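User: Hi, I have a structure open and would like to talk it through with someone. Could you help me read it?

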2 protein chains.
Amino acid sequence: MKNYISILKRTSLFSGVAEDDILSMLSCLGARLSSYKKGEYVFCQGEHLRDITVLVEGSLHIQNDDYWGNRSILSTISVGEMLGEAYVAPESGAFPNDVIAMEDSVVIFLDVHRMLTTCSSACRFHAMVVQNMFFTISEKNRRLVQKLGHMSKRTTREKLISYLSEEAKRCKSQSFSIPFNRQQLADFLSVDRSAMSNELCKMRDEGLLEFEKNQFKLL
Amino acid sequence: MKNYISILKRTSLFSGVAEDDILSMLSCLGARLSSYKKGEYVFCQGEHLRDITVLVEGSLHIQNDDYWGNRSILSTISVGEMLGEAYVAPESGAFPNDVIAMEDSVVIFLDVHRMLTTCSSACRFHAMVVQNMFFTISEKNRRLVQKLGHMSKRTTREKLISYLSEEAKRCKSQSFSIPFNRQQLADFLSVDRSAMSNELCKMRDEGLLEFEKNQFKLL
DNA sequence: ACAAATCGGTTGTTTTTACAACGAAAAGGA
DNA sequence: TCCTTTTCGTTGTAAAAACAACCGATTTGT
């Protein structure tokens, strides 16, 4: 657990909390470590979550396969990000998606109820962490709205432009790399891979952008 | 302000707080009332929010019109619901959508920073309200994920089935009414109205459902 | 009560997507 | 290294959606 303190320190959840205090909070919050090999399921559709999950190594996809095998990737989780926080409320139902390790990964589980109900030992940090949690779930919320913005576009081309220009803005650069290969990007935008590939190449031929593998440059 | 206490009492934000305590919190949180006529803008794209908004009368749409006049309705807000909570974090940018009154409406603004930093007078309720706020934004989050579930469906028919069966589940009944007319439903699902209308009638002819105006029944 | 606006359904045409199938290049494993 | 798998682009066809235009019915405002 100690190995990951320096990572936790840089997460938005523990932002502003000193390393020593994080360590004491971890035991206070009943922290548990868990490892997953590439391709393993961290959560399955239908599970009931009691803990918040923080990724400290590797990367995850939150995805959903429907009856007909259509996969849709809801979001990617990278090191330091939180996961499942929206499904720990008592009135929330089961977690509706699958969470899969894209590479060998390590997560930490934290008891959310101990987090919300301040305890005696580290109260001054509890307040800070609860506030951090609120801001973090806010950000998740904003990202979901952004994704809805992409998905609400009618054509594959518009979806691509919407997504790629947002990534460019987020990276503050025309050049950036995306965390997807073609199939995954198609699953993320909920479009057909071949049609998307086709559209990407057309856009390249029209001089709108350049790309190589998952490296893109908008022009 | 007092007129709305009984409504606030039933909101998820103030769940579990007594009416008297709500009243004292309102002044503590710098509550302000504001009214809007049907069709008026409550917020415009690009505004920077400093307050949380609670709707106490009427109904709102959160929507977005793109360069070409395509409207997409992100969500509906009904009495007792919270609004804008994801855009009060210091690092969050401007509010990306328009909020429009669908009928004559009244909202209350609450200073979120006073809410997050406990004050001396009503601290025991602050903790409760902060927790409520977390659960409420969690629920918003889950609804966004559900909406992404609808939007990720490839065809108009699948989107309709996804949305309608979820509404049925939410109402725990095969019969239910939706808060949209046809154009609004199309804007909500980001599809063409006439194509959607066509698909709805086909589904009715196939015996999948019945409807009249905004009243639906799944069979 | 009457005119205007809104709403919902229908149809035909054009555009776009989904789907299937294939091949070349690259990556990965034995 | 060789073989297998994955990845990505390409093409053609069938299906679906977007778009535009129209009409009748209902609602709204004056």
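Analyst: What follows is a conversation about this structure, which is a predicted model.

User: Let's begin with chain A, then. How many helices and strands are there in it?

Analyst: Chain A contains 7 helices and 11 strands, and its C-alpha atoms fill a box of roughly 65 × 40 × 30 Å when this is taken along the principal axes.

User: And what percentage of its residues count as buried?

Analyst: Of the 219 residues in chain A, 53% count as buried. The accessible surface of the chain comes to about 10200 Å², and 48% of that surface belongs to carbon and sulfur atoms.

User: What about contacts, what share joins residues at least 24 apart?

Analyst: If you take the contacts in chain A between residues at least 6 apart in sequence, 70% of them join residues at least 24 apart.

User: Can you show me a residue in helix H4? Where does A:Met133 sit, and what does it touch?

Analyst: A:Met133 lies in helix H4 of chain A, and it counts as buried because its relative accessibility is 0%. Leaving aside neighbours within four places in sequence, A:Met133 is in contact with A:Leu13, A:Ile52, A:Met82, A:Val112, A:Met115 and A:Leu116, and also with B:Phe134.

User: How far is A:Met133 from A:Glu167?

Analyst: Their C-alpha atoms are separated by 24 Å, and the two residues are 34 residues apart along the chain.

User: Ok, and A:Ser138, is that buried or exposed?

Analyst: A:Ser138 is in helix H4 too, which covers residues 123–151 of chain A, and it counts as buried, with 0% relative accessibility. Not counting residues up to four places away in sequence, A:Ser138 touches B:Glu85, B:Ala86 and B:Ile137.

User: Switching to charges: how many salt bridges are there over all chains?

Analyst: The structure holds 22 salt bridges over all chains. One of them is formed by the side chains of A:Glu85 and A:Lys140, at 3.1 Å from N to O. This pair links distant parts of the chain, since A:Glu85 is in the loop between strand S6 (82–83) and strand S7 (98–101) whereas A:Lys140 is in helix H4, 55 residues apart. Both A:Glu85 and A:Lys140 are buried.

User: What about chain B, how does B:Lys202 pair up with B:Glu199?

Analyst: The side chains of B:Lys202 and B:Glu199 meet in a salt bridge of 3.9 Å, N to O. The two are separated by about one helical turn, because they are 3 residues apart in helix H7 (residues 193–205) of chain B. B:Lys202 is partly exposed, with a relative accessible area of 40%, whereas B:Glu199 is buried at 15%.

User: And which residues are linked with A:Lys202 in a network of salt bridges?

Analyst: In chain A, the network of salt bridges links A:Arg157, A:Glu199, A:Lys202 and A:Glu206.

User: How about B:Asp111, what does it pair with?

Analyst: The side chain of B:Asp111 meets that of B:Arg114 in a salt bridge of 3.7 Å, N to O. B:Asp111 counts as buried, at 14% relative accessibility, and B:Arg114 counts as partly exposed, at 40%.

User: Which residues form the negative surface patch?

Analyst: That patch is formed by A:Glu40, A:Glu57, A:Glu103 and A:Asp104. A:Glu40 is found in the loop between strand S1 (32–36) and strand S2 (41–43) of chain A, and A:Glu40 is partly exposed, with a relative accessible area of 36%.

User: One last topic, backbone angles. What is phi of A:Lys213?

Analyst: Phi of A:Lys213 is near 55°, which is a positive value in a residue other than glycine. As background, most residues other than glycine have a negative phi. A:Lys213 is placed in the loop between strand S10 (209–212) and strand S11 (215–218) of chain A, and it counts as exposed, at 67% relative accessibility.

User: And where is B:Lys172 found?

Analyst: B:Lys172 is in the loop between helix H5 (156–171) and strand S9 (175–177) of chain B. Phi of B:Lys172 is near 55°, and B:Lys172 counts as exposed, with 77% relative accessibility.

How values were computed
Residues are numbered from 1 along each chain as its sequence is written. Chains are lettered from A and ligands numbered from 1 in the order in which they are written. This is a predicted model: local features need pLDDT of at least 70, side-chain atom pairs count only at pLDDT 80 or more; totals for chains, interfaces and linings use all residues. Side-chain values use heavy atoms; hydrogens and water are left out. Patches are made of residues with over 30% relative accessible area and no salt bridge: like charges are joined within 9 Å, nonpolar side chains (Val, Leu, Ile, Met, Phe, Trp, Tyr) within 5 Å. Accessible areas come from the Shrake-Rupley method with a 1.4 Å probe; for residues, only the protein chains shown count as cover. A salt bridge is a side-chain nitrogen of Lys or Arg within 4 Å of a carboxyl oxygen of Asp or Glu. Lys and Arg count as positive and Asp and Glu as negative; His and the chain ends are not counted. The place of a charge is taken as NZ of Lys, CZ of Arg, CG of Asp or CD of Glu. Helices (H or I, at least four residues) and strands (E, at least two) are DSSP runs, numbered from the N terminus. Buried means under 20% relative accessible area, exposed over 50%, partly exposed in between (1.4 Å probe, protein chains only). Contact means heavy atoms within 4.5 Å.
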